[in-house]
Amino acid sequence: MKRPVLAALLAGAALGAAQAATFKLTLLVPADDARLERSRTERAYLGHPGGSASDGLQVALKEAKFELEAAGAVLALETVPVASAAAARDAAQKAEKGGAVVVLTDLPADWTLATADAVKLPVMNLGDASDRLREQDCRPRLLHLLPSERMRTDALAQTLAAARWSQVLLLTGPTPADAQRSATAQASIKRYGLKLAATKPFRLSADPRERDMANLKLLTGNATYDVVWVVDSDGEFARTLPYRTSLPRPVVGDAGLMALAWSAQFERFGAPQVSRRFAKATGRPMTAHDWAAWMAGKAIVTAATEVPKGPAAAFAKALNDLEFDGSKGTPLGFRAWDGQLRQPMLLTDGQGVVAMAPVEGVLHPKNNLDTLGADAPEKLCKVARP
């Protein structure tokens, strides 16, 4: 190639780079994340994070490099550790003043709410499944990538109903989060026509007076049931339950068969390629939390290529309105009434994907995906969304 031509091409590339719109993204993560403590990640609890949310985001942005270059857009990600709700609020306000177009959070629910209340930007919740963030504590510009707890329990209840495993023994852990999640499970059990054979509390304790509350044979005895549903936010008790029940019955919920956003063993719709790319980039399997972060990146890339010159308001509108691919076999987008990403759920035991939800035969007047989680007519989110 002649030098004048080469020089012209280089000059054109430089001009394009100079004219490219830079979309600043800020990810807020806990400064000391107990979920990523070494002993927990080594045990690889199914359904729990396996690493930083920034991993999934970085993979998505790297995959979209040429797409972004072609559109003349640049995405710049900054990860900020925060130690409290107040620190999250301050970091979000600083990001907004610095020109960020979106704030992403992998934080506890109250910290995410503080973030959403502090800015007028879209806030993308990557790591908290609390239903209250989608219902009574929803916010106008708050979007959710991880499925809600109710989506997970609806997926499980649909699957049990389809298998005609109608009698459920429900075991519930000792924490307030367990109690709330158990109530959500019971609502899904009722919604899909299942029956509670019994409900029992469990507790892992060094107190000899409470040892019976951790005795698997006692907890799963003296009842007739088709399946054991365990609610254990910590995960330590649940992982000991399969194959140790008094009756030879399957376990679901937080062990055994689980309803998750993603499984590294999913083998359809290009999913193996997604999981391989993630594993190659990070050195670990892709979890449901990683998929949520990756999908946030995909959504941001889609919006940035739709409106590569901005402004921020156009970017925010595109983020809410567009559909994008998540390697689950159907276009995905955010629900208008609660900001939740509607999506199929994968039913997995950690070895493979057994089924998907919504299950065949469960129908909805507009979109079958809306049989998972709170539907529009329930009006559980009272705020006006953009």
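**Close-up views of a predicted model**

View 1. Five of the five residues of strand 8 are buried, so strand 8 is largely enclosed by the rest of the structure; buried denotes under 20% relative accessible area, exposed over 50%, and partly exposed in between (1.4 Å probe, protein chains only). Strands (E, at least two residues) and helices (H or I, at least four residues) are DSSP runs numbered from the N terminus. The model is predicted: local features require pLDDT of at least 70, side-chain atom pairs count only at pLDDT 80 or more, and totals for chains, interfaces and linings use all residues. Residues are numbered from 1 along each chain as its sequence is written, and side-chain values use heavy atoms, with hydrogens and water left out. From strand 8, Val227, Trp229 and Val231 point one way, while Val228 and Val230 point the other way, and all are buried. In a regular strand the side chains alternate between the two faces of the sheet.

View 2. Four strands make up an open sheet in the order 7-6-8-9, with parallel pairing; two strands pair if DSSP finds at least two bridges between them. Strand 7 (195–201) and strand 9 are the edge strands, each pairing on one side only. Neighbouring strands of this sheet are turned by 25° against each other on average, direction ignored. Strand 6 (residues 167–172) is joined to strand 8 by five bridges, and the two run parallel. Along this pairing, Val168 has Val227 of strand 8 as its bridge partner, and Thr172 stands opposite Val231 in strand 8. Strand 8 also pairs with strand 9 in the parallel sense, over three bridges; there, the bridge partner of Trp229 is Val252 in strand 9.

View 3. Contact means heavy atoms within 4.5 Å; axes are lines fitted to C-alpha atoms, for helices over the stretch in contact, and angles run from 0 to 180 degrees between N-to-C directions. Helix 8 (residues 176–191) packs on the sheet as well, touching strand 6, strand 7 and strand 8, with its direction at about 170° to that of strand 6.

View 4. Three strands form an open sheet in the order 10-11-12, and the pairing is antiparallel. Its edge strands are strand 10 and strand 12 (353–357), each of which pairs on one side only. From one strand to the next, the twist averages 30°. Strand 11 (residues 345–348) and strand 12 run antiparallel and are joined by four bridges; Leu347 has Ala355 in strand 12 as its bridge partner. Helix 7 (residues 149–163) packs on this sheet, touching strand 10, strand 11 and strand 12, and its direction makes about 60° with that of strand 11.

**View 5. Aromatic cluster at Trp262.** Trp262, Phe266, Phe269 and Trp291 form one aromatic cluster. Rings of Phe, Tyr and Trp (its six-membered ring) pair if their centres lie within 6.5 Å; planes under 30 degrees apart count as stacked, over 60 as edge-to-face and the rest as tilted. By this rule the count comes to six aromatic pairs. Trp262 and Phe266 form an edge-to-face pair, 6.0 Å centre to centre with 85° between the planes; both Trp262 and Phe266 are buried. Trp262 and Trp291 form a stacked pair at 6.2 Å centre to centre, with 10° between the planes. The latter pair links distant parts of the chain, 29 residues apart: Trp262 lies in the loop between strand 10 (258–260) and helix 10 (271–282), and Trp291 in helix 11 (residues 288–306). Trp291 is buried, as is Trp262. Lys328 lies over the face of Trp291, 4.0 Å from the ring centre; a charge sits over a ring if NZ of Lys or CZ of Arg is within 6 Å of the ring centre and within 35 degrees of the ring normal.

**View 6. Surroundings of Glu236.** Glu236 is found in the loop between strand 8 (227–231) and strand 9 (251–253). Not counting residues up to four places away in sequence, Glu236 touches Arg43, Tyr45 and Leu204. The side chain of Glu236 makes polar contacts with the side chain of Arg43 (2.9 Å) and with the side chain of Arg239 (3.1 Å). A polar contact is a pair of N or O atoms within 3.5 Å; within protein, one must be able to donate a hydrogen and the other to accept it, and residues adjacent in sequence count only if both atoms are side-chain atoms.
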